[in-house]
Amino acid sequence: MAKASGARLRELAELRRAHAAGGNRGRSPGAAHHGASGICAPVSPAPVTSAAAVRHEVLPVPPALAPLLPDRGLVKGSVVSYTGAGALLAGLLAAVTGPGGHVAAVGVPRLGLLAAAEMGARLDRLAVIPDAGHDPIEVAAVLLDGMELVVLGLGDAAIAPARARVLAAKARAKDATLLVTDGSWPAPDLRLESRVAGYTGLGTGNGRIRSISLDIEVRGRTGVPVRGRLAARPLGGRVEWIVPGAGAAAPTSDQPETAGQENSVAS
């Protein structure tokens, strides 16, 4: 390393003396700094980073769901707790695999694969392990190595905090999203819940379900809930998620039924 010049050494000594004497106290953010050379150098204020300006890399979700989520998607490296209708879970699988992502589902024996396919899921990019044996958490940990999203069914179990931290750290390290369902997970990054609000297509004692409406509640780390309503209904040969009243109307009970889409949305 080249030796500092005499002028530079004097300047450094002056700065040290000024710091020791508290010379930096009370300086305004835009104050000018005078070096040993006598040249006036303006001091710029430190940039302020707004929390709202921070954006995380996310996995896609159905477009109608995105405005309800803090980052408009499932944050990579996070843990999401999901409770509710299988129809929305199928929509999440479709949103990730449709554009080419890879998903694994562990310990979810009643996963609605037909509903997911009708929503645009690519089943060739979906690995399904309905029975993962005595330790599905270990299986999920292995799958985090190569999947963008791992869905883990807990089978109504409550996971110990110590083990939850280990698996959450693995998800962060692999930049993968872990979605847990059917159980209790301590302190997830996001809680997503859906409740069936109604169906269309059913008459008095007869008919087939053509669309389903869900009430959605989302809670992030702040604990402040965000709520909305979504509906899944057939459109153009596939099932789409919409915000009721904001797009095309869901089919009513007197509209003709779309072949091959009778019941899968209720999975």
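**View 1. Side-chain directions along strand β8.** Leu-149, Val-151 and Gly-153 point to one side of β8, Val-150 and Leu-152 point to the other, and every one of them is buried. The model shown is predicted. Strand β8 comprises residues 149-153, and because five of its five residues are buried, the strand is largely enclosed by the rest of the structure.

**View 2. Pairing of β8 with strand β6.** Strand β6, formed by residues 103-106, pairs with β8 in the parallel sense, and the contact extends over four bridges. Within this pairing, Leu-152 of β8 stands opposite Val-106. Leu-152 is also one of the buried residues of β8.

**View 3. Pairing of β8 with strand β9.** Strand β9 covers residues 177-181 and runs parallel to β8, to which it is joined by five bridges. Gly-153 has Thr-181 of β9 as its bridge partner. On β8, Gly-153 points the way that Leu-149 and Val-151 do.

**View 4. The β-α-β unit containing β8.** Together, β8, helix α5 and β9 make a β-α-β unit that is right-handed. Helix α5 spans residues 161-174. The two strands of this unit, β8 and β9, are parallel.

**View 5. Ala-160 in the loop between β8 and α5.** Ala-160 belongs to the loop that lies between β8 and α5. The relative accessible area of Ala-160 is 43%, so this residue is partly exposed, whereas the five residues of β8 are buried. Ala-160 and Trp-185 are 25 residues apart along the chain, and their C-alpha atoms are separated by 8.0 Å.

Terms used. Residues numbered from 1 in each chain as written. Predicted model: local features only at pLDDT ≥ 70, side-chain atom pairs only at ≥ 80, totals over all residues. Heavy atoms only, no water. Buried < 20%, exposed > 50% of the residue type's maximum accessible area, 1.4 Å probe, protein only. Pairing = 2+ DSSP bridges. Right-handed = clockwise from strand over helix to strand, strands pointing away.
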